[in-house]
Amino acid sequence: MATVFFSYSHVDEGLRDRLEIALSALKRQGLIEAWHDRRLIAGDDFDRGVRSELERANVILLLVSPDFIASDYYYGVETTRALEFHERDEARVIPVILRSAIGILCRSAMTLPPVLPSF
């Protein structure tokens with residue numbers, strides 16, 4: 001069973017919920033289990049819990065939005081770590097564009113094409 005880790009801004013929690021619902025057939029078939037930080041229990045060490053689950057994940061979904069990119073934690077800590085796992089083939093990182101972030105350059109797997117075709 002693959003573990004899917006959702007990296008997202010809490011502003012986008014509703015969209016994350018909808019994506020998790022869309023993946024429910026895979027969960028029901030026992031192909032994936034989903035994890036996000038709302039699964040932490042009050043009193044848990046947030047950073048330790050997130051890092052532990054991120055390291056355990058086989059698939060990391062980066063739910064990209066302007067709020068995600070603006071967050072030092074989500075964009076800086078989680079994305080950096082996720083891309084390290086991806087580069088070492090320890091996990092697959094999949095960026096999912098939730099809301100437009102045009103004009104904000106992203107690294108590695110999230111890089112936009114440098115030149116748009118001219119017509």
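From the N terminus on, the elements of the protein chain follow the order β-α-α-β-α-β-α-α-β, giving five helices and four strands. Helices (H or I, at least four residues) and strands (E, at least two) are DSSP runs, numbered from the N terminus. The model is predicted: local features need pLDDT of at least 70, side-chain atom pairs count only at pLDDT 80 or more, and totals for chains, interfaces and linings use all residues. Residues are numbered from 1 along each chain as its sequence is written, and side-chain values use heavy atoms, with hydrogens and water left out.

Of the 119 residues of the protein chain, 36% count as buried (under 20% relative accessible area, with exposed over 50% and partly exposed in between; 1.4 Å probe, protein chains only). Among contacts (heavy atoms within 4.5 Å) with a separation of 6 or more, 73% join residues 24 or more positions apart.

Two packed helices are described by the angle between their axes and the distance between the axes. Helix 3 (residues 46–56) packs against helix 5 (residues 72–87) at an angle of about 30°, and the axes lie 10 Å apart. Axes are lines fitted to C-alpha atoms, for helices over the stretch in contact, and angles run from 0 to 180 degrees between N-to-C directions. The two helices, helix 3 and helix 5, are therefore roughly parallel (angles under 35 degrees; over 145 is roughly antiparallel, 65 to 115 roughly perpendicular and the rest oblique). In this contact, Phe46, Asp47, Val50, Arg51, Leu54 and Glu55 of helix 3 meet residues of helix 5 including Tyr73, Val77 and Phe85.

The buried residues of helix 3 are Gly49, Val50, Glu53 and Leu54. Seen down the axis of helix 3, these buried residues fall within an arc of 130°, so they line one face of the helix; the arc is that of the directions from the helix axis to the C-beta atoms. Their cover includes strand 1 (2–7), strand 2 (32–35), strand 3 (59–64) and helix 5.

| Residue | Element | Relative accessible area | Contacts beyond four places in sequence |
|---|---|---|---|
| Thr3 | strand 1 | 4% | Glu33, Arg56, Ala57, Asn58, Val59 |
| Val59 | strand 3 | 19% | Thr3, Val4, Phe5, Arg92, Ile94 |

Thr3 and Val59 are in contact with each other. The C-alpha atoms of Val59 and Phe5 are separated by 6.2 Å, although these residues are 54 residues apart along the chain.
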